[in-house]
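Open the model in your viewer and colour it by secondary structure.

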Amino acid sequence: MFQTLYSYFWWERLWLPANLTWADLEDRDGRVYAKASDLYITLPLAFLFLVVRHLFETYVATPLAGLLNVKEKVRLKATPNAVLEKFYAATSKHPKQADVEMLSKKSGCTVRQVERWFRRRRNQDRPSLLKKFREASWRFTFYLIAFIAGMAVIVDKPWFYDLREVWKGYPIQSVLPSQYWYYMIELSFYWSLLFSIASDVKRKDFKEQIIHHVATIILISFSWFANYVRAGTLIMALHDSSDYLLESAKMFNYAGWRNTCNNIFIIFAAVFIITRLVILPFWIMHCTMVYPLDLYPAFFGYYFFNVMMVVLQSLHIFWAYLIIRMAQKFITGKVVEDERSDREETDNSEEEEEVAKNGPLSNGHPVLNNNHRKTD
């Protein structure tokens with residue numbers, strides 16, 4: 001049964017144009033072709049990335065955070081309470097008003113104290129500023145190196161300047177060593193992101209991030225063993241062109257360098273919109289949807305690849321909406337925030353009580369102005 005499924009999965013009519021077989025893509029006469037078995041190396045490389053990331057965050061990102069004066073905001077901890085903790089862990093982190101009143105009776109706390117306890121407890125579970133900075137530093141470093149490497153791989157190729165060259169001679173197109181390593185490293189990195197997503201900083205687009213990582217892994221994998229390598233290298237380099245800008249803006253935001261963060265963010269927004277909403281759909285997707293039909297009839301692999309491209313493009317439109325919202329805040333003079341982030345809550349009721357007694361406080365000490373806070 002397994003052999004039957006294997007045969008159906010690798011049926012040439014699924015992945016290759018008519019009149020072509022996998023035998024046509026076997027290495028011969030000094031020509032090397034992409035093979036599905038090449039992708040096995042990406043899994044151990046993904047775990048190697050996780051190790052390298054841990055070392056980078058410990059010995060590079062953490063000292064860098066100190067140099068940039070990335071400071072943690074002191075958080076008030078929720079006092080131990082078995083009744084409230086049980087509800088928090090098993091039922092909801094955001095109790096409704098009826099639940100608050102019920103918990104007030106069970107725990108012996110006032111309604112205000114219960115609400116304050118849940119605010120503090122939620123804040124305890126939020127990632128620290130240092131964790132966010134370390135994660136952004138790691139991604140910035142990879143995306144910047146990947147973009148430079150990707151451009152080095154494709155800038156001297158004819159299909160970088162003429163997209164019709166992407167399909168010239170397809171699928172009999174030999175794979176270069178630079179293309180091989182570019183693919184293996186990119187795919188390994190996205191595997192590592194998928195493996196670590198549960199422990200990384202969770203944002204409001206958590207589900208969209210999972211869809212993005214899975215769609216990217218499928219696209220890179222399929223484009224490799226179906227020999228869409230030329231198109232794949234263009235797509236990967238295009239995506240990397242804006243990602244490192246976003247991560248650098250986050251780093252400066254966590255460090256409190258507001259002007260630098262905002263300036264980089266505006267550059268990022270422009271690059272993102274140009275590359276993801278203009279170049280990708282009107283050049284690259286036009287290249288993958290229209291030009292191949294001049295050479296061969298549409299087949300399953302053609303439809304599969306372009307459907308996955310549409311999924312990615314839909315995610316880009318969603319993220320562009322968030323980016324435009326942030327850009328509007330910047331233009332109107334408001335602090336630029338990551339719309340995907342979960343904001344830290346403040347103990348408003350507690351602060352009101354303390355202000356009435358002692359004036360404005362910050363972590364128990366009087367201050368002149370406590371209206372400014374770091375946001376992600």
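**Whole chain**

Start with everything selected: of the 376 residues of the chain, 44% count as buried. Keep in mind that this is a predicted model. In cartoon view, the secondary structure comes to 13 helices and two strands. Now turn to the contacts within the chain. Among those with a separation of 6 or more, 79% are made by residues 24 or more positions apart.

**Helices α7 and α10**

Next, select residues 129-154, which form helix α7, and residues 229-254, which form helix α10. Look along the pair: the two helices pack with their axes 7 Å apart, at an angle of about 150°. Angles over 145 degrees count as roughly antiparallel, and α7 and α10 are therefore roughly antiparallel to each other. The crossing of α7 past α10 is left-handed. Show the side chains where α7 meets α10 and colour them by type: the residues of this contact divide into 15 nonpolar, five polar and six charged.

**Cysteines**

Now select C109 and C261. Are these two residues buried or exposed? The cut-off for buried is under 20% relative accessible area. C109 has a relative accessible area of 18%, so C109 is buried. C261 stands at 5% relative accessibility and therefore also counts as buried.

Last, display the cysteine sulfur atoms. A disulfide is a covalent bond between the sulfur atoms of two cysteines. How many disulfides are there by the rule of sulfur atoms within 2.5 Å? The count comes to zero disulfides.

Methods. Residues numbered from 1 in each chain as written. Predicted model: local features only at pLDDT ≥ 70, side-chain atom pairs only at ≥ 80, totals over all residues. Heavy atoms only, no water. Axes fitted to C-alpha atoms, helices over the stretch in contact; angles between N-to-C directions. Helix = DSSP H or I, 4+ residues; strand = E, 2+ residues; numbered from the N terminus. Parallel < 35°, antiparallel > 145°, perpendicular 65-115°, else oblique. Left-handed = near helix turned anticlockwise from the far one by under 90°. Nonpolar A, V, L, I, M, F, W, Y, C, P; charged D, E, K, R; others polar. Disulfide = S-S within 2.5 Å. Buried < 20%, exposed > 50% of the residue type's maximum accessible area, 1.4 Å probe, protein only. Contact = heavy atoms within 4.5 Å.
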